[in-house]
Amino acid sequence: MIGESMYQELILEHYKHPQGRGLREPYDAEVHHVNPTCGDEITLRVKVGDAGKILDVSYDGQGCSISQAAASVLHELATGSTVEETLSVVDEFTRLMQGRGKVEADEEVLGDAVAFAGVAKFPARVKCALLSWMAYKDAVVRSAAT
Amino acid sequence: MTYDGLDVEKIRKDFPVFSRELPDGRPLVYLDSGNSSQKPNQVIDTMREHLAFHYSNVGRAMHLLGAESTDAYEGARDKVAGFIRAPSRDEVVFTKNASEALNLVAYSFGNPAVTDPRFTLGPGDEIVISEMEHHSNIVPWQLLVQRTGATLKWFGVTGDGRLDYDPGVITERTKIVSIAHQSNVLGTVNPVAEVAARAHEMGALVLLDASQSVPHHPVDVSRLGADLVAFTGHKMVGPSGIGVLWGRAEVLDAMPPFLGGGEMIEAVWMDRSTYAPVPHKFEAGTPPIVEAVGLGAAVDYLTGVGMESIEAHERTLTAHALDALREVPGLRLIGPDTIEERGGTLSFTLEGIHPHDVGQILDDHFGVAVRVGHHCARPLHLRFGIPATTRASFYLYNTTGEIDALVRGLHHVQKVFA
């Protein structure tokens, strides 16, 4: 019953009640990422303020509970934080997801995102969890370039 | 458990995979044979025996092992020819898979070296497919029209998952009509004879993607009405790496070679070559020898069970599944909801729950293996306005009890996401 541990209450909660969903103005960069094997997709915008402060992460997309909940958690973690801080969270989240379930999650860094630890045991689902986070990283890089 | 003259319990004992347990003691409920089928001991042992004691290259080795290997490889061609009632064994071409067979045919068109008017192709000429095709019967034709400037046309699909057949789509400019015999998503069996009659009237050739029909129904290629038929070994209890293109001898003769190399030639000079007669004209290089031998064993196995019995058994399973799935609230079947002209492939959505979540919980909790996603038929899913479906597909070794396990699993999925 490994799957039960993957569908943590927190993940289901974010899936049923996504935070910050919907595309908003103003924004510095917009990206569109897809997962061709399962058809999941996300459009994501970031607005960066002074001193690299993330003013807003807005998004819209479709996909499974894991991909949609991951976007919602990302919104909560990133908004109000800074580019530098969030990129280190993205790195830690990526490390956890690619660890095949053998990497100990750093809850200090990851906060609620630690709920996705169970996903790492399912190689086929890792890309679902990472979709929005990779889109966010891409958007932040692009916003810096503008 | 015997029904329709088919002893499922006995059949399941032939497939070693059904004797294994999944982690946490879950039984395996394999409902993904439309994706790829499981293999019986008869296929596994035959391949092992050939690799261990009879292996050598085919067609060119002048020693005992070479003769044994060639006999086994060509013997597999005889078996496949008999299985699909091909008028001649030389009409059976071994390929890597059904995709390669379909690409082989696509590359026969618009080749400047070929003057047969059936295979010339340019702007104004048309190719006809359908909206329910697998990507392997869409993309090769898109590539062909990019190369030649020809036009790609298609039949639509009705709301209940049937071919929206409009004979007017096929015109005098149509060079080939290429459609699925049975849809890998909808389960729909298409009216091949009717489409082929119209195509031939207009002077077009007819190619069938029979990947989902040959494993499940008795198929007589000489009576289908098609000129060319493609299918694959791994969906019919055979190994992966081996597929088949059947074609009427006269049509195969008129087609140019596909891949060049050893074994497909008659004589080679530095500036030109002449080619071996069919089927070897299309079999360049060392072929998948053991895989072909394995496919031969697979058709022996299916013949031993009886294709009529397999078809009847799957019909029973499909009728049971249609009834059972109808009882699941919020379930939308994508495809015909009656047993007529459909096979044992059922795709559906569950309201508010993504198929990846459905498949994950079915697997982890119940050991039920289904396929989730667009099943390499994205345009068909776009047609129905959905990104993905959950698909259950049946074969000779499945039982109504396994379908009941699927339904119990679906109820649990709905509880998790309630």
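## A two-chain predicted model

B:Asp24 lies in the loop between α1 (8-14) and β3 (29-30) of chain B. Helices (H or I, at least four residues) and strands (E, at least two) are DSSP runs, numbered from the N terminus. B:Asp24 is not a glycine, yet its phi is positive, about 70°.

This is a predicted model: local features need pLDDT of at least 70, side-chain atom pairs count only at pLDDT 80 or more, and totals for chains, interfaces and linings use all residues. Residues are numbered from 1 along each chain as its sequence is written, while chains are lettered from A and ligands numbered from 1 in the order in which they are written.

**Chain A**

Chain A has six helices and three strands. Along the sequence the pattern is α-α-β-β-β-α-α-α-α. The radius of gyration of chain A is 14 Å, close to the 15 Å that the globule rule gives for 146 residues, so chain A is as compact as a globular protein of that length. This radius is taken over C-alpha atoms, and the globule rule is 2.2 Å times the number of residues to the power 0.38. Along the principal axes, the C-alpha atoms of chain A fill a box of roughly 45 × 30 × 25 Å.

**Domains of chain B**

Chain B splits into domain 1 (2-30 + 307-416) and domain 2 (46-303). These bounds come from an automatic or database domain assignment. The C-alpha centres of the two domains lie 29 Å apart. Their contact takes 23 residues from domain 1 and 23 residues from domain 2 of chain B. Two residues are in contact if their C-beta atoms, placed from the backbone, lie within 7 Å. On the domain 1 side, the largest share, five residues, comes from α10(B). That side has nine nonpolar, seven polar and seven charged residues. Here Ala, Val, Leu, Ile, Met, Phe, Trp, Tyr, Cys and Pro count as nonpolar, Asp, Glu, Lys and Arg as charged, and the others, Gly among them, as polar.

**Where the chains meet**

Chain B gives 13 residues to the contact with chain A, and chain A gives 13 residues. Helix α11 (residues 355-366) of chain B supplies the largest share of the chain B side, six residues. By class, the chain B side has four nonpolar, six polar and three charged residues.

**The sheet in chain B**

Chain B holds an open sheet of eight strands with mixed pairing, in the order β4-β11-β10-β9-β8-β5-β6-β7. Strands pair if DSSP finds at least two bridges between them. β4 (92-95) and β7 (163-164) of chain B stand at the edges, each with a single partner strand, so one side of each is left without a neighbour in the sheet. Strands β5 (residues 126-130) and β8 (residues 174-180) of chain B run parallel, joined by three bridges. B:Glu126 stands opposite B:Thr174 in β8(B). Helix α6 (residues 192-201) of chain B lies across β8 and β9 (205-209), running at about 175° to β8(B). Axes are lines fitted to C-alpha atoms, for helices over the stretch in contact, and angles run from 0 to 180 degrees between N-to-C directions.

| Bond | Omega |
|---|---|
| A:Glu25 to A:Pro26 | about -10° |
| B:Val278 to B:Pro279 | about 5° |

A:Pro26 is in the loop between α2 (9-16) and β1 (29-35) of chain A. B:Pro279 is in the loop between β13 (273-275) and α9 (289-305) of chain B.
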